[in-house]
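Hi everyone, thanks for coming. Today I'd like to walk you through one structure, a few residues at a time, so please have a look at it with me.

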Amino acid sequence: MAIRINEVRELLSKDKRKSERLTLPVKILYNFPPPEEWLGPLLVDDISGHGLKFTADSPIEKDSVFNLKILFPDDAIRPIVVEAQVYWCVKNRQG
């Protein structure tokens, strides 16, 4: 079956992510500057080379900058600590 170029463009435009999201048993801790206590740990919903998705216990506004500590299930891998920014968020409709 031949695929038309317009069909390919439509498929590619549906997901604007630069890399594939993976579901892995990764946990995070986060805090806001100036550094406060770490919040979490929280299990990430998915993660990629360009971002991750998680559900926070309290609201975090779009464009917020915060510190993120990524914890891997293998204890041999040290946590990665980065400065992160919220580019997209939605209010959790549960609870």
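Let's begin with P25, which sits in the loop between helix 1 (5–14) and strand 1 (27–31). Before we go on, please keep in mind that this is a predicted model.

Is P25 buried or exposed? P25 has a relative accessible area of 54%, and the cut-off for exposed is over 50%, so P25 counts as exposed. Leaving out residues up to four places away in sequence, P25 touches L43 and P73.

Now hop over to D46. Along the chain, P25 and D46 are 21 residues apart, and their C-alpha atoms are separated by 8.9 Å. D46 belongs to strand 3 (residues 46–48). With a relative accessible area of 14%, D46 falls under the 20% cut-off, so it is buried. Which residues is D46 in contact with, once neighbours within four places in sequence are set aside? They are R21, L22, T23, L52 and K53.

Next, the core. The largest nonpolar core has 13 residues, and the ones touching the most other members are I28, Y30, F54, F66, L68 and I70. Two elements give two or more residues to this core: strand 1 and strand 5 (65–71). Strand 5 gives the most, with three residues. If you are new to this, here is some background: in soluble globular proteins, nonpolar side chains tend to be buried together.

Let's zoom in on I28 for a moment. Not counting residues up to four places away in sequence, I28 touches a whole list of residues, including L39, P41, V44, L52, F54, L68 and I70.

On to charges. How many salt bridges does a search of the whole structure find? The search finds one. D63 forms a salt bridge with K62, and their closest N and O atoms are 3.6 Å apart. As a general point, side chains of opposite charge can pair when their charged atoms come close. As for accessibility, D63 counts as partly exposed at 43%, and K62 is also partly exposed, at 47%.

Last stop: the segment after strand 6 (80–85), where you will find W88. W88 is exposed, with a relative accessible area of 67%. Together, Y87, W88 and V90 make a nonpolar surface patch of about 440 Å².

That's my tour, and I'm happy to go back to any of these places with you.

Notes:
Residues are numbered from 1 along each chain as its sequence is written. This is a predicted model: local features need pLDDT of at least 70, side-chain atom pairs count only at pLDDT 80 or more; totals for chains, interfaces and linings use all residues. Side-chain values use heavy atoms; hydrogens and water are left out. Helices (H or I, at least four residues) and strands (E, at least two) are DSSP runs, numbered from the N terminus. Buried means under 20% relative accessible area, exposed over 50%, partly exposed in between (1.4 Å probe, protein chains only). Contact means heavy atoms within 4.5 Å. A salt bridge is a side-chain nitrogen of Lys or Arg within 4 Å of a carboxyl oxygen of Asp or Glu. A nonpolar core is a set of buried Ala, Val, Leu, Ile, Met, Phe, Trp, Tyr and Cys residues joined through side-chain atoms within 4.5 Å. Patches are made of residues with over 30% relative accessible area and no salt bridge: like charges are joined within 9 Å, nonpolar side chains (Val, Leu, Ile, Met, Phe, Trp, Tyr) within 5 Å. Accessible areas come from the Shrake-Rupley method with a 1.4 Å probe; for residues, only the protein chains shown count as cover.
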